[in-house]
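Q: I am new to this structure. Can you show me how to read its features, one at a time?
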Amino acid sequence: MLTTLFRIFLSEDTEIVTPIEKNYHDIQLTIDTAAASVGRDPREVLLVAVSKTVGVAVIEEATRLGIHDFGENRTKVLLEKQQGFPNERWHFIGHIQTNKLKEVVGRAILIHSVASKHALEVINTLALARGVCQSVLIEANVSGEASKDGATPAEVPGLLEYASTRAGIEVKGLMTMAPMLLSHHDDTARSTFAALRELRDNLVPVFSGSDNISLNELSMGMSDDFGAAILEGATIIRIGRRLWS
Ligand SMILES: *Cc1c(COP(=O)(O)O)cnc(C)c1O
């Protein structure tokens, strides 16, 4: 009798869920629900865990939960964390300073935030010198918010045209951020995400003949608005706070 009770307590103990595990589970439920509501396969949505605010122990826990894509917004920190976790996929999602690109070209699985010809040129030169082809996204400021990084929608075709003749670059799609202060209002965020998808949809036929331009990826949606992003076709969501806190 006592032994049975003890066993029951023990087996319950083994099911203790950590806060991050619970957050991850909740996020997955939201991904599943949002995807299902628009007839998408939730497996089309990649969660990039934005680890800029957390350290080694937390990253370690995330890998044990099955998270293998991490995003950093500072090149040096990306390098350091990648050295600690060389088998994980590291995404660069931060503002690009071209003099720091040498730290991430050939190391980041994807650079999300390319918004100028100069950045494309520097990435291409570094990639060719290193014998790699660097995957990138073009960041577009579709909300028009002045404080946002990113190319204007009108500039995006010119950037793609430029990239299409650069052998060291592969453009996989587009990235955007919803307006900061309004991102918890799903409608505003959602219309921003819809605008990025429409921009992409309009560009697909224009660049269908370019070997190194495929516009399948839409990196959009963060902690407060990733459900809306998935409704509008996000294939990559970038989540920090919602996972760690
Ligand atoms: C920090 C950051 C995120 C994650 O933001 P949360 O609100 O913490 O989910 C996503 N994308 C970029 C570019 C970031 O800098």
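A: Start with contact. Two residues are in contact when heavy atoms lie within 4.5 Å. Keep in mind that this is a predicted model.

Q: Which elements do the buried residues of helix 3 pack against?
A: The buried residues of helix 3 pack against helix 2 (19-37), strand 2 (69-72) and helix 4 (75-84). They also pack against strand 3 (89-92) and helix 9 (241-244).

Q: Which residues of helix 3 are buried?
A: Buried means under 20% relative accessible area. In helix 3, that holds for Ile59, Glu61, Ala62 and Thr63.

Q: Let me take one of them. Where does alanine 62 lie, and what does it touch?
A: Helix 3 spans residues 56-64, and alanine 62 is part of it. Its relative accessible area is 0%, so alanine 62 is buried. Setting aside residues up to four places away in sequence, alanine 62 touches Ile67, Phe70 and Trp244.

Q: How many residues separate alanine 62 and glutamate 21 in sequence?
A: Compare two distances here. Along the sequence, alanine 62 and glutamate 21 are 41 residues apart. In space, their C-alpha atoms are 8.1 Å apart.

Q: What follows helix 3?
A: Glycine 66 does. Its phi is positive, near 100 degrees.

Q: Now charges. What can side chains of opposite charge do?
A: They can pair when their charged atoms come close. For a salt bridge, the cut-off is a side-chain nitrogen of Lys or Arg within 4 Å of a carboxyl oxygen of Asp or Glu. By this rule, the count here is 15 salt bridges.

Q: Which residue forms a salt bridge with lysine 22?
A: Aspartate 26 does. The closest N and O atoms of this pair are 2.8 Å apart. Both residues lie in helix 2. They are 4 residues apart, about one turn of the helix.

Q: How exposed is lysine 22?
A: Lysine 22 has a relative accessible area of 47%, so it is partly exposed.

Q: Let me try another pair. What is the N to O distance between glutamate 232 and arginine 190?
A: It is 2.6 Å, and their side chains meet in a salt bridge. Glutamate 232 lies in the loop between helix 8 (226-231) and strand 8 (236-239), and arginine 190 lies in helix 7 (residues 186-203), so the pair ties together parts that are 42 residues apart in sequence.

Q: Are these two partners buried or partly exposed?
A: Take them one by one. Glutamate 232 is buried, with 8% relative accessible area. Arginine 190 is partly exposed, at 34%. Salt bridges that share partners join Arg190, Arg197, Arg200, Asp201 and Glu232 into one network.

Q: Where do positive charges gather on the surface?
A: A patch of positive charge is made up of Arg74, Lys100, Lys102, Arg107 and Arg130. Look at arginine 130, in helix 5 (residues 117-130). Arginine 130 is partly exposed, at 36% relative accessibility.

Q: Back to contacts. Which residues is glutamate 139 in contact with?
A: Glutamate 139 lies in strand 5 (residues 134-139). It counts as buried, because its relative accessibility is 6%. Leaving out neighbours within four places in sequence, its contacts include His112, Ser113, Val114 and Ala115. Asp149, Gly150, Ala151, Met175 and Met177 are also among them.

Q: How far apart are glutamate 139 and serine 113 in space?
A: Their C-alpha atoms are 4.9 Å apart. In sequence, glutamate 139 and serine 113 are 26 residues apart.

Q: What about proline 86: is it buried or exposed?
A: Proline 86 counts as exposed, at 56% relative accessibility. Find it in the loop between helix 4 and strand 3. Proline 86 and glycine 168 are 82 residues apart in sequence and 23 Å apart in space, C-alpha to C-alpha.

Q: And where is asparagine 202 found?
A: In helix 7. Asparagine 202 is exposed, with a relative accessible area of 56%. Its C-alpha is separated by 10.0 Å from that of proline 157, 45 residues apart along the chain.

Notes: Residues are numbered from 1 along each chain as its sequence is written. This is a predicted model: local features need pLDDT of at least 70, side-chain atom pairs count only at pLDDT 80 or more; totals for chains, interfaces and linings use all residues. Side-chain values use heavy atoms; hydrogens and water are left out. Patches are made of residues with over 30% relative accessible area and no salt bridge: like charges are joined within 9 Å, nonpolar side chains (Val, Leu, Ile, Met, Phe, Trp, Tyr) within 5 Å. Accessible areas come from the Shrake-Rupley method with a 1.4 Å probe; for residues, only the protein chains shown count as cover. Lys and Arg count as positive and Asp and Glu as negative; His and the chain ends are not counted. The place of a charge is taken as NZ of Lys, CZ of Arg, CG of Asp or CD of Glu. Helices (H or I, at least four residues) and strands (E, at least two) are DSSP runs, numbered from the N terminus. Buried means under 20% relative accessible area, exposed over 50%, partly exposed in between (1.4 Å probe, protein chains only).
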